[in-house]
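Please find below a colleague's note on the model under review.

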There are 2 protein chains.
Amino acid sequence: MKNLDAAYAALADPTRRAILARLALGDATVGEIAEPFPISGPAISRHLKVLEEAQLITRTRRSQQFVCRLNPEGLKSAQEWLDYYRAFWTGAFDRLDEHLKRNPQLSPNPKEKK
Amino acid sequence: MKNLDAAYAALADPTRRAILARLALGDATVGEIAEPFPISGPAISRHLKVLEEAQLITRTRRSQQFVCRLNPEGLKSAQEWLDYYRAFWTGAFDRLDEHLKRNPQLSPNPKEKK
DNA sequence: CTTGTATTTAACCATATTGTTATTTAACTC
DNA sequence: GAGTTAAATAACAATATGGTTAAATACAAG
């Protein structure tokens, strides 16, 4: 697990998620990516830079254009953190839920007091 | 899918991920959560507020203390976006990789030109 | 009703983020 | 070389974020 800060920060912006969704359909040039968005080119360029630095995409020059491509490796890292804790979460939730059903007083805490 | 901005923004901070990891082991009071961190109480309190607003945790008062608990629903939302695109990403990657192997020129673009 | 404890809220500061417009860079075309 | 196109970078402003310390709130215990 690495680079999670940058990856999740990158995913926090709806424009960037839309760009990733777009790239999921296939590589695209910067111009093609920018086209549907109401913001300036430089703004798109910086979103792409953020995505690149988070290792969620790669950019490679092809003559005058830059082609952007998803980087599944980077996306996997972001997923792994959530995946790792998913079992814990549901597990903890179920355990607590169960416990609550048996002890209807508020907020039982499974940790023992020191 | 909803609230993804707030959820991913919340996940982008390592302190907040550590708090979630801690809560995966069971509910905890604010004091218990704060204990291992070298930052001030108010800083923790605000991290908790961010997590709560992102619907990743809930806070409920129990006498003087506040007990924090994971909210698996919120976490699921964050995961679903990534899950939804996982197939696309790996699929697109494989397709492109395949394509590149057959056409060794750089960066083929599967979209047709308008 | 005063004191102590747990936590939040307020006020403030430094830095980061996201947008803008203007300028620069790189490559292709004549 | 001059112009055009695609995109990046620079410089700037507004807002958001994450930390601090000091003050406020809420409850519990004398």
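Predicted model: local features only at pLDDT ≥ 70, side-chain atom pairs only at ≥ 80, totals over all residues.

1. Within strand E3(B), Val67(B) is the bridge partner of Thr29(B). The two strands concerned, E1 (residues 28–29) of chain B and E3(B), pair in the antiparallel sense over two bridges.

2. E2(B) and E3(B) form a hairpin with two residues between them, and Ser63(B) in the turn has a positive phi of about 55°.

3. The chain B strands can now be placed together. They make an open sheet of three strands in the order E1-E3-E2, with antiparallel pairing. E1 and E2 of chain B each have a single partner strand and stand at the edges, so one side of each is left without a neighbour in the sheet. In general, strands of a sheet pair through backbone hydrogen bonds, either parallel or antiparallel.

4. Three strands of chain A form an open sheet in the order E1-E3-E2, and the pairing is antiparallel. Strand E1 (28–29) and E2 of chain A stand at the edges with a single partner strand each, so one side of each is left without a neighbour in the sheet.

5. Strand E2 (residues 57–62) of chain A and strand E3 (residues 65–70) of chain A run antiparallel and are joined by six bridges. Thr58(A) stands opposite Arg69(A) in E3(A), and Arg61(A) has Phe66(A) as its bridge partner in E3(A). Two residues lie between the strands of this hairpin, in which Ser63(A) takes a positive phi near 55°.

6. As to the overall make-up of chain A, its secondary structure comes to five helices and three strands. From the N terminus on, the elements run α-α-β-α-α-β-β-α. Of the 114 residues of chain A, 25% count as buried. Among contacts in chain A between residues at least 6 apart in sequence, 56% join residues at least 24 apart.

7. Which residues have the most contacts inside the largest nonpolar core? They are Leu56(A) and Leu56(B), in a core of 44 residues. Leaving aside neighbours within four places in sequence, Leu56(B) is in contact with Ala7(B), Ala10(B), Leu20(B), Leu51(B), Asn71(B), Gly74(B) and Leu75(B). In soluble globular proteins, nonpolar side chains tend to be buried together.

8. Helix H1 (residues 4–11) of chain B has Ala7(B), Tyr8(B), Ala10(B) and Leu11(B) as buried residues. Seen down the axis of H1(B), the buried residues fall within an arc of 155°, so they line one face of the helix. Ala7(B) and Ala10(B) are also among the contacts of Leu56(B).

9. The surface near DNA strand C draws on both chains. 23 residues surround DNA strand C, and the closest are Ser40(A), Pro42(A), Gly31(B), Pro42(B) and Ser45(B). At least two residues of this surface come from each of helix H4 (41–53) of chain A and helix H3 (30–34), helix H4 (41–53) and strand E3 (65–70) of chain B. H4(B) supplies the largest share, five residues. The residues of this surface divide into nine nonpolar, eleven polar and three charged.

10. What surrounds DNA strand D? There are 23 residues, the closest being Gly31(A), Pro42(A), Ser45(A), Ser40(B) and Pro42(B). The elements that give two or more residues to the surface near DNA strand D are helix H3 (30–34), H4 and E3 of chain A together with H4 of chain B. Here the largest share, five residues, comes from H4(A). The residues of the surface near DNA strand D divide into nine nonpolar, eleven polar and three charged.

Conventions: Residues numbered from 1 in each chain as written. Chains lettered and ligands numbered in written order. Near = placed C-beta within 6 Å. Helix = DSSP H or I, 4+ residues; strand = E, 2+ residues; numbered from the N terminus. Nonpolar A, V, L, I, M, F, W, Y, C, P; charged D, E, K, R; others polar. Core = buried A, V, L, I, M, F, W, Y, C linked by C-beta atoms within 7 Å. Buried ≥ 20, exposed ≤ 12 C-beta atoms within 10 Å, placed from the backbone. Contact = placed C-beta atoms within 7 Å. Arc of directions from axis to C-beta. Pairing = 2+ DSSP bridges.
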